[in-house]
Amino acid sequence: MNLKHLLLILLSSTCFAQNGDFPSAKVDAIVKNIQLPAIPAYQINILKLGAKGDSVTDNKKAFDKAMALCKKNNGGTIIVPKGVYKINGPIHFVSNVNLKIEKEAKIKFSDNSKDYLPLVLTSWEGTMLYNYSPLIYANNCSNIAITGEGTIDGEGGKSWKTFKAKENEGKNRSRDMNHNNIPLNERKFGEGYFLRPQMIQFLNCKNILVENIRIENSPFWCLHLLKSESITIRGISYKSLNHNNDGIDPEYAKDVLIENVTFDNGDDNVAIKAGRDHEGRANVATPSQNIVIRNCNFKGLHGVVIGSEMSAGVQNVFVENCKTVGYLKRGIYLKTNADRGGYIKNIFVQNIQLDQVEDCLYITANYHGEGKGYQSEISNVYFSNITCNKASESGIVIQGFADKKIKNISLKNIEIKEAKNALSNENAENVLMTDVFIGQKAGVPTAVSKH
């Protein structure tokens, strides 16, 4: 090797190491760029429109009328005072509206699937299609908010829960349509296909705020940020333990701040996505990017997940100052497979406290061992200042492909106090480890004793 090549290798390694510091200035710039919604002064109390918080009366017409009045007044705040408000059907947002659910107020949705017809444009596990309306739905809106200290109950644990065992035909049909580029207007689902709706979905929206509310008992994903931007999610809490109850799913989303959230979910806490397979790869211009997750309490299946539906790419994700309450299956989990394509890059994670997990840090390009022909690029992932009390399986896992290696992984100041398997690292290059302790920290070596 000549001197020129040696210098190039040293320079590239040095740049990579220096860039491993958490880029706080970049985080500040993203947060500064996010706009909070501007809501006009008009207000309407739902009680004035005949709503009854008696947990029995159907208040669908009152909520629809409130939204229509806001539209007439170019926006405003819908006030939901103390009480339990049953709604047999979805709430559809218009622009410039704040749905304010006050303390001791609860919106409780029906679980009759027919109430969520007609079909609306939505997405299901990374494929765009027409399906049941999400329970709270906004399409092509700007300046929208859900605030207050009240609760939204999706009633997902009864009728909707039975859909899980019957969804395979609909799920497979949606994926075939994705892979075969079937026109969107032919992708009609709903009755007979058993694809559960999301609880809250913002589609093609911007300047969104969801603040301080409590989310319970969702039929499917709880809060889906789809093709939307300039989003603030803060101070909310969860108790949603049904099948596939992801907490927050940014998908084709950009400029997102998630902070001070207390999770308690039946699935991933935050799952960052960007479309599935053919359809996602056709949308490479809209990756999920510029996502900040900070000061959160994790509880559920996994803490922060990227993938597996990420075919348009995920980049510029910043996770800091989070901790777990109790058990997680995996702490930080990056997953893709050879069906997806796309990329995961520029991921920064610092100051994370994990208690008991199966796997602490897990990066795989071979999720479920599925797929062929579309291996993903995973590169520039930086972990620093992470502690974990116990990993019942693996401390750190990195799995690339021999012909598509994971590149540029930095592990700095990592302490996993106990792990069944310490480290599994295959098909990765430029993995930089600094002050990484898995199991008991080694002391000064003892001298060889003579007999």
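The lining of the second largest pocket divides into 5 nonpolar, 4 polar and 4 charged residues. Here Ala, Val, Leu, Ile, Met, Phe, Trp, Tyr, Cys and Pro count as nonpolar, Asp, Glu, Lys and Arg as charged, and the others, Gly among them, as polar. The model is predicted: local features need pLDDT of at least 70, side-chain atom pairs count only at pLDDT 80 or more, and totals for chains, interfaces and linings use all residues. Residues are numbered from 1 along each chain as its sequence is written, and side-chain values use heavy atoms, without hydrogens and water.

**Pockets**
- A pocket is an open set of points on a 1 Å grid over the protein atoms alone, where a 1.4 Å probe fits, with protein on both sides within 12 Å along at least five of seven lines; lining residues have an atom within 4 Å of a point.
- The second largest pocket holds about 190 Å³, and Lys227, Glu229, Tyr252, Lys254 and Thr286 are the closest to its centre among its 13 lining residues.
- The largest pocket has a volume of about 530 Å³, the space filled by probe spheres set on grid points joined across faces, edges and corners.
- Its lining has 26 residues, with Glu125, Asn244, Lys335, Tyr367 and His368 nearest the centre.
- By class, the lining of the largest pocket has 4 nonpolar, 6 polar and 16 charged residues.

**Sheet**
- Strands are DSSP runs (E, at least two residues), numbered from the N terminus.
- An open sheet of 6 strands has the order β2-β4-β7-β12-β15-β18, with parallel pairing; two strands pair if DSSP finds at least two bridges between them.
- β2 (54–58) and β18 (237–239) are the edge strands, each pairing on one side only.
- Strands β7 and β12 are joined by 3 bridges, and Lys108 has Asp153 in β12 as its bridge partner.

Definitions and conventions. Helix = DSSP H or I, 4+ residues; strand = E, 2+ residues; numbered from the N terminus.
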